[in-house]
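Here is a short report on one protein model. Look at the sequence and the fold first, then read on.

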Amino acid sequence: MRKMTVFQRFSRTFRDNPSLAKMLIVFTVSGGGLVAYSEAKADGGIHAVNPSEVDVKKKRVVVLGTGWAGTSFLKNLSNSSYDVQVISPRNFFAFTPLLPSVTCGTVEPRSIVEPIRNIVRKKNVDVHYWEAECFNIDAANKKVYCRSHLGGDVNSKEEIIVDYDYLVISVGARSNTFNIPGVAENCHFLKEIEDAQKIRRTIVDCFERASLPNLSDEERKKILHFVVVGGGPTGVEFAAELHDYVTEDLVKLYPKAKEAVKITLLEATDHILNMFDKRITAFAEEKFQRDGINLKTGAMVVNISDKEITTKEVKNGGAVSTMPYGMVVWSTGIGTRPVIMDFMKHIGQGNRRVLATDEWLRVEGCDSIYALGDCATINQRKVMEDIWAIFRKADKDNSGTLTVKEFQEVLSDICERYPQVGLYLKSRQMKSLVDLLKDSSGDAVKESIEVNLEEFKLALSQVDSQMKNLPATAQVAAQQGSYLADCFNRMEKCENNPEGPLRFRGEGRHRFRPFRYKHLGQFAPLGGEQTAAQLPGDWVSIGRSSQWLWYSVYASKLVSWRTRALVISDWGRRFIFGRDSSGI
């Protein structure tokens with residue numbers, strides 16, 4: 001047997017003992033002045049279950065997708081009574097918030113991906129992975145139909161049929177072209193790691209083409225005109241990253257291109273970053289103007305050819321204009337994947353935009369199927385739909401009227417089952433139901449005062465106005481995956497001891513508390529080492545201090561210590577050596 005070198009022994013020690021690697025990374029990072037707090041849970045040295053030892057009585061859980069929701073579910077699932085089968089066309093998890101950084105070489109693509117087998121290999125749950133893509137879901141027979149394209153034949157008809165007891169759909173979404181002519185054929189998207197790599201190569205190719213001697217000034221300007229469509233967080237961050245890449249690195253290598261480069265950001269509404277505080281929106285627009293980024297709001301794209309992009313002014317009489325371009329990046333929203341659209345038709349949701357689930361993330365009409373992330377939305381029940389059931393449940397003496405005291409006994413269950421009630425009380429600065437009844441009646445209300453059904457309806461008639469759909473973000477998907485894993489971990493316990501709110505339309509209580517999203521804040525990197533941060537409590541910070549907060553938070557949220565080490569080293573490399581401009 002060949003004798004191991006000192007280096008090989010050192011490397012093997014760190015791989016076999018992840019805690020040592022964590023200590024090394026924390027020591028290295030903190031020594032550089034950047035502290036990244038990690039919420040990652042230790043594996044505890046638990047080894048994967050051998051497939052040959054699988055208990056045939058285990059219920060099979062099929063997970064479709066390895067994105068934010070699916071990976072969060074797998075990371076947090078700890079109940080060994082399940083046989084988990086993961087099916088996805090990509091065998092890794094990608095940290096998508098850093099995709100704009102990948103497009104310009106700030107971060108390398110392999111630094112933000114983690115093989116899914118690495119994530120699940122040391123769990124005490126029996127998890128298997130197949131690299132295949134689901135094309136049909138048969139809810140009636142509890143089967144999913146998949147195909148693998150690993151053989152190179154994308155038109156292969158060979159099917160893989162998988163039975164399930166529980167199905168977790170977390171396939172994400174695709175880029176939405178809104179059926180605008182030329183978008184699919186001529187635009188770059190920014191949804192997957194392959195998209196970011198393609199954009200990076202195209203940027204470098206544009207600069208190389210513009211350096212050729214046989215071009216006119218007009219042709220050079222056209223080639224170096226980069227258009228970003230969509231003023232949301234992804235589009236704004238990419239435009240900022242591209243501006244930094246050009247001004248800090250590429251103009252040094254391509255000095256003749258300095259005057260010809262132009263970056264245009266198109267947004268159909270009146271402002272960019274509409275989901276952020278107005279202070280952030282105003283600062284971002286002013287900064288882009290100072291940086292020379294051509295910001296055009298109120299401009300709707302109507303057609304994209306291989307040479308020109310055509311826009312229509314939302315205002316000013318709908319004037320139509322065209323502009324030549326060298327590259328277009330399309331970042332305007334998400335659309336439903338074909339397999340989900342077909343599934344929705346089969347279960348009676350064909351008229352919806354995305355899959356509808358209840359507050360426990362179960363697909364409506366399918367008790368054993370769950371859907372999370374961008375492919376689904378929670379269809380929160382309205383209070384007014386259940387107003388009679390709520391009244392009857394609270395009216396314990398069947399008197400046909402409710403006292404304030406009676407209703408307060410079930411108020412916590414109502415707020416948990418219908419979160420819009422709590423939001424309405426908060427928005428109106430009300431502390432209790434007494435304040436709500438006062439607001440509706442205009443009179444002083446005492447506990448002995450009774451209200452009938454019509455008065456009760458009047459008091460709650462406006463609470464449903466607080467209902468809002470959750471945003472399609474990584475933060476929402478990750479929290480949904482963690483929540484569902486916790487439900488699966490305690491499935492048997494909560495079956496016997498339900499912990500959820502009262503069933504107003506039935507008897508007893510729900511097994512689990514419904515999913516509740518907790519917003520932890522959002523970032524908008526604006527380039528030049530400046531970031532806008534909007535955190536809970538209406539706290540807004542803009543500038544370089546927020547950039548370091550962005551570094552710390554993103555480093556902490558990376559899925560493994562390996563990716564943390566790689567990303568942090570990429571940031572350090574960029575600070576010292578700049579971004580790479582190789583066309584690979």
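Strand β1 runs parallel to strand β9 (residues 166-169), and 4 bridges join the two. Leu 64 has Ile 169 as its bridge partner in β9. Two strands count as paired here if DSSP finds at least two bridges between them. Helices (H or I, at least four residues) and strands (E, at least two) are DSSP runs, numbered from the N terminus.

The model is predicted: local features need pLDDT of at least 70, side-chain atom pairs count only at pLDDT 80 or more, and totals for chains, interfaces and linings use all residues. Residues are numbered from 1 along each chain as its sequence is written, and side-chain values use heavy atoms, with hydrogens and water left out.

**Parallel pairs and crossovers**

β1 (residues 59-64) also pairs with strand β2 (residues 82-88). These two run parallel and share 6 bridges. Val 62 stands opposite Gln 85 in β2. From β1 the chain passes through α3 to reach β2, in a right-handed β-α-β crossover. Right-handed means that, with the strands pointing away from the viewer, the path from the first strand over the helix to the second runs clockwise.

Further along, strand β13 (residues 262-267) and strand β14 (residues 294-297) are parallel too, joined by 4 bridges. Glu 267 faces Thr 297 of β14. Here the chain crosses through helix α10 (residues 278-291), and this β-α-β crossover is right-handed.

**Two open antiparallel sheets**

Strands of a sheet pair through backbone hydrogen bonds, either parallel or antiparallel. The order β6-β7-β8 makes an open sheet of 3 strands with antiparallel pairing. Its edge strands, β6 and β8, each pair on one side only. Another open sheet of 3 strands has the order β25-β26-β27, and its pairing is antiparallel. Here β25 and β27 are the edge strands, each pairing on one side only.

| β6-β7-β8 | β6 (133-138), β8 (160-163) | 25° |

β6 and strand β7 (residues 143-147) pair over 5 bridges, in the antiparallel sense. Asp 138 stands opposite Lys 143 in β7. β25 and strand β26 (residues 530-535) are antiparallel as well, with 5 bridges. Phe 523 has Ala 533 as its bridge partner in β26.

**Helix α3 against helix α17**

How do the two helices meet? The axes of α3 (residues 68-76) and α17 (residues 474-489) come within 7 Å and cross at roughly 35°. The crossing is right-handed: a crossing is left-handed if the near helix is turned anticlockwise from the far one by less than a right angle, and right-handed if clockwise. Contact means heavy atoms within 4.5 Å. On the α3 side, the residues that meet α17 are Trp 68, Ala 69, Ser 72, Phe 73 and Asn 76. Their partners in α17 include Ala 474, Gly 481, Leu 484 and Phe 488. The contact holds 9 nonpolar, 5 polar and no charged residues. Ala, Val, Leu, Ile, Met, Phe, Trp, Tyr, Cys and Pro count as nonpolar, Asp, Glu, Lys and Arg as charged, and the others, Gly among them, as polar.

**Aromatic rings**

Rings of Phe, Tyr and Trp (its six-membered ring) pair if their centres lie within 6.5 Å; planes under 30 degrees apart count as stacked, over 60 as edge-to-face and the rest as tilted. By this rule there are 23 aromatic pairs. In one of them, the rings of Phe 73 and Phe 488 have centres 5.4 Å apart and planes at 85°, so the pair is edge-to-face. Phe 73 lies in α3 and Phe 488 in α17, so the pair ties together parts 415 residues apart in sequence.

**A loop proline**

Pro 97 sits in the loop between β3 (92-94) and α4 (99-103). Not counting residues up to four places away in sequence, Pro 97 touches Trp 68, Glu 237 and Tyr 554.

How values were computed:
Axes fitted to C-alpha atoms, helices over the stretch in contact; angles between N-to-C directions.
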